[in-house]
Amino acid sequence: MPVSDHSGDETYAFRQNSGSIASQVYDYLMQRILDMELEPFRELSEAKLAAEFGISRTPVREALARLARRGLVDILPQRGTRVSPLSIELIAKSRFIREALERPLARMAAEKLTPEIASLMMREIALQQTFAGLSDDQAFLESDDRFHALIARAAGFESIWDDVREAKFHMDRVRRLSLLSQQHMYFIIGEHQDIIERLKAHDVSGADASMALHLVSVMRELDLIRERHPEYFAREGARQR
């Protein structure tokens, strides 16, 4: 994980008691890829990363292999490693899996929602309004995840959020591009408000419908995002993972 020294330069400290070094490198690189700080097609040098982190190449190699299995980097024989381009196919698959998990969760949450969890969800919506006003899209995304995790908790399947997070990696990369405007953040807040109202009313079918509509938002904007950032997408006809 990065830390700053007194000169302001960024250095790295990986803690032995925080899991394996490879896992920490994986978590760090994955977050930078999802945040689009490491943009699609960026070349990643195993040797340079190891030197940058002050560690051996072995944990870096293990981390890159894990990222490749998630479809987030491409390891090209004799050519090196690069951040994977955005894939229409993988984004659609990610949305499909997320919808298959979150729509039933919304239905169950509508049946079981407690005042305590409803209050926590309303708190997240209030935070999202603050973050939208500040144009803080990173904090907004984190609150968005907490909001959806609370739906899983209300449904009685809090641990399933880990599976949802795993499924939505490729959607998250597009979300990072689509949430650069305040307008879109406020649009998502409106969808969240509709979901919570359906949950509070114990409207099972309404909660299902609201969640389904919410989860296609990224797909509705995909053509616009692709038009604005064609350099981030896999070429038509390119072999998909």
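These legends describe an overall view and close-up views of helix packing in a predicted model.

**Figure 1. Overall view of the protein.** The predicted model has 11 helices and five strands. Of its 241 residues, 46% count as buried. The exposed surface comes to about 12500 Å², and 50% of this area is supplied by carbon and sulfur atoms. Among contacts with a separation of 6 or more, 71% are between residues 24 or more positions apart.

**Figure 2. Packing of helix α9 with helix α10.** Helix α10 spans residues 204–215 and packs with α9 at an angle of about 165°, the two axes being 8 Å apart. The two helices are therefore roughly antiparallel to each other. The crossing of α9 past α10 is left-handed. On α9, the contact is formed by Ile188, Glu191, His192, Asp194, Ile195, Arg198 and Leu199; on α10, by Gly206, Ala207, Ser210, Met211, Leu213 and His214. These residues of the α9 and α10 contact comprise six nonpolar, four polar and three charged.

**Figure 3. Packing of helix α9 with helix α11.** Helix α9 covers residues 182–200 and helix α11 residues 217–228; their axes come within 12 Å and cross at roughly 160°. This angle makes α9 roughly antiparallel to α11. Here α9 passes α11 in a right-handed crossing. His184, Phe187 and Glu191 of α9 meet Ser217, Arg220 and Glu221 of α11. By class, the residues of the contact between α9 and α11 are one nonpolar, two polar and three charged.

**Figure 4. Close-up of Glu191 on helix α9.** Glu191 is one of the α9 residues in the contact with α10. Glu191 is also among the α9 residues that make the contact with α11.

Methods. Residues are numbered from 1 along each chain as its sequence is written. This is a predicted model: local features need pLDDT of at least 70, side-chain atom pairs count only at pLDDT 80 or more; totals for chains, interfaces and linings use all residues. Side-chain values use heavy atoms; hydrogens and water are left out. Helices (H or I, at least four residues) and strands (E, at least two) are DSSP runs, numbered from the N terminus. Buried means under 20% relative accessible area, exposed over 50%, partly exposed in between (1.4 Å probe, protein chains only). Contact means heavy atoms within 4.5 Å. Accessible areas come from the Shrake-Rupley method with a 1.4 Å probe; for residues, only the protein chains shown count as cover. Axes are lines fitted to C-alpha atoms, for helices over the stretch in contact, and angles run from 0 to 180 degrees between N-to-C directions. Angles under 35 degrees count as roughly parallel, over 145 as roughly antiparallel, 65 to 115 as roughly perpendicular and the rest as oblique. A crossing is left-handed if the near helix is turned anticlockwise from the far one by less than a right angle, and right-handed if clockwise. Ala, Val, Leu, Ile, Met, Phe, Trp, Tyr, Cys and Pro count as nonpolar, Asp, Glu, Lys and Arg as charged, and the others, Gly among them, as polar.
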